[in-house]
Amino acid sequence: MRRDSTRTPRAALLIPLVTALFVAGALFPFLWTLLSSFKTPAQMFRLPPGWWPDPFTLENYLAVFRERDFLHNIVNSVVVAATTTAVCVVIGTLAAYAFARLALPAKRTLLGLILAISMFPQISIVTPLFLLLRRLGLINTYPALILPYLTFAMPLTVWLLTAYLRRIPAELEEAAAVDGATRLGTFTRIVLPLAAPGIFTTAILTFIYCWNEFLFALVFTTNDSARTIPVAIVMFSGYHTVPWGEILAAVVVVTVPVAAAVLVLQRRIVAGLAEGALKG
Amino acid sequence: MTGPADTVTHRRTLSETRLACLLVSPALAVIGAVAIYPLLSTCWLSLHQKNLKMPWVAERFVGLANYAALAADERFWGALVHTVFFTVVSVGLELALGLAIALALEEVVGRAAAVRGLVRAAILVPWAIPTVVAAVIWLYLVHPTGGILTEALRNLGAPPETTVLLARPATAWTVLIVADVWKTTPFMTLILLAGLQTIPRDLYEAAAVDGAGAWQRFVRVTLPLLRPAILVALTFRTLQAFMVFGHVYTLTGGGPGTATETLALLAYQATLTDMDFGRGAALGVVIFFCGLGFALAYMRALGLRLEKPEET
């Protein structure tokens, strides 16, 4: 932290101001959505819309789960994100160990290629994936999402895990080898426990990316019960009516747990993002 | 190729390379199947005419005809201009804002846990929610009748025609950009803040002792050392902004008319609505190569820092 002697009085005023504006600006839309979700549609579109819900109603939330298959959508999102994450973490850890520790031909090129692939424009591969999934009859199934999600999740996982595994000092494994441990033994008893925080963070980040994905989910699912959360929310609107009450309630239902989870895991997430960005 | 950090006591034998290949092959197989193969397939498809809405026209090889059609299509050039405009303005704003906020937060981060918690929340929650959910929130904020921002504008005396923000291109673009900046500045801030925290304090003190003012310290010490972080953040965000889809789809659908149509949206329209797969594939290839161009340019600037110095 800078010593006070280098900070001007102007800065001393600006800094809390900028911070306050930032926090307020970032969080206000959420608060407004939260408040509005408890209002009746009549109040929502009254001019001027009051701040506080009056009357306070839970009707929107009931409607979301009663009249729509939203619970199903939530389940879909969870299943797809969890499965993709699990597959990627398992396969990715193996590959990352090889990249981090073993002699592999053309390592740098491969890693660069993998990084490049994780940044593929999804729109560029939508067409063949769509045609293939349609031919296999997989549209509206879980594999229809899990398989395409591997496109960006797999490279991302390998990249992040390689960065983490690299940070574990090789001397620890060497010491174990001197003591006669096998490679598998050192992997399970020394590397894995040390890599656990990194693996956990990678899993969180991968899960979030899958959870938020829109384009593939939009294209590869066509009916309500197969949809994931982002697509479902956007599709709430019908031809003539936009059910804002339900939409906002659904947004809150999705955002609150995510916000809670993110706040609980914040240190991991921040470290993971910074790590992957700066030291990868 | 391998250095001292690599295994010393496990003998570096052929079996190690074989083990490495074995461990890497599932990941590479997956990546090859779901990423590389479809990309090649798209390239191949873009050289064909395949329009499911005209089933009487057989699918056939047409060489670069789809690309020629794009080059002659005003709507394509419009989308390209829109996309570049959106990318440059959004990412530029995010960088400037993100840097300003990161500089302020650097002081704050050491303070009380409550403040730190709020700041982290402000950074992480917009990042963690789906882009389209954020877009839906903004759709509500600018709603013609119920939107709080619309209401605020009206109270500030804006003429009624201008308050239906999404109905006019200029204001629609403003909403698109503001909403995007809101969603992604926190991510920029995070990366830049992490970068700022790696700059040793002594450098600032030394510069202050040498008589450098705050601005000079910023330009001479902060910016150069922050360069890697800035480039990483720019790379990710530029690519993301260039390929923007869900954000625009939800907020404006490309409207009014095609005033806010981006390349990805055009490609989506071609593939899913018009079912002109050849054209959609061609657009996909164009987008891919543009993205690749950006990525390569940034990576060269970054110096391709893939490995630590002691390894090869």
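Chain B of this predicted model has an average pLDDT of 82, and 91% of its residues score at least 70. For the model, the scores are ipTM 0.85 and pTM 0.84.

**Confidence along chain B**
- Where pLDDT is low, predicted coordinates should not be read in detail.

**Overall build of chain B**
- The secondary structure of chain B consists of 12 helices and two strands, and along the sequence these elements follow the pattern α-β-β-α-α-α-α-α-α-α-α-α-α-α.
- The radius of gyration of chain B is 25 Å, whereas a compact globule of 312 residues would have one near 20 Å.
- Taken along its principal axes, the C-alpha trace of chain B spans about 75 × 75 × 35 Å.

**Helices α8 and α9 of chain B**
- Helix α8 (residues 201-209) of chain B packs against helix α9 (residues 214-242) of chain B at an angle of about 160 degrees, and their axes lie 10 Å apart.
- Because angles over 145 degrees count as roughly antiparallel, α8(B) is roughly antiparallel to α9(B), and the crossing of these two helices is right-handed.
- On the α8(B) side the contact is made by Leu203(B), Tyr204(B), Ala207(B) and Ala208(B), which meet Arg217(B), Val221(B), Thr222(B) and Leu225(B) in α9(B).
- Sorted by class, the residues in this contact of α8(B) with α9(B) are six nonpolar, one polar and one charged.

**Helices α5 and α7 of chain A**
- In chain A, the axes of helix α5 (residues 107-118) and helix α7 (residues 143-166) come within 8 Å and cross at roughly 135 degrees.
- That angle makes α5(A) oblique to α7(A), and α5(A) passes α7(A) in a left-handed crossing.
- From α5(A), the residues Leu111(A), Ile114(A), Leu115(A), Ile117(A) and Ser118(A) meet Thr151(A), Phe152(A), Pro155(A), Leu156(A), Val158(A), Trp159(A), Thr162(A) and Arg166(A) in α7(A).
- By class, the contact of α5(A) with α7(A) is made up of nine nonpolar, three polar and one charged residues.

Key. Residues numbered from 1 in each chain as written. Chains lettered and ligands numbered in written order. Predicted model: local features only at pLDDT ≥ 70, side-chain atom pairs only at ≥ 80, totals over all residues. Heavy atoms only, no water. Axes fitted to C-alpha atoms, helices over the stretch in contact; angles between N-to-C directions. Helix = DSSP H or I, 4+ residues; strand = E, 2+ residues; numbered from the N terminus. Parallel < 35°, antiparallel > 145°, perpendicular 65-115°, else oblique. Left-handed = near helix turned anticlockwise from the far one by under 90°. Contact = heavy atoms within 4.5 Å. Nonpolar A, V, L, I, M, F, W, Y, C, P; charged D, E, K, R; others polar. pLDDT = per-residue confidence, 0-100. Rg over C-alpha atoms; globule rule 2.2 N^0.38 Å.
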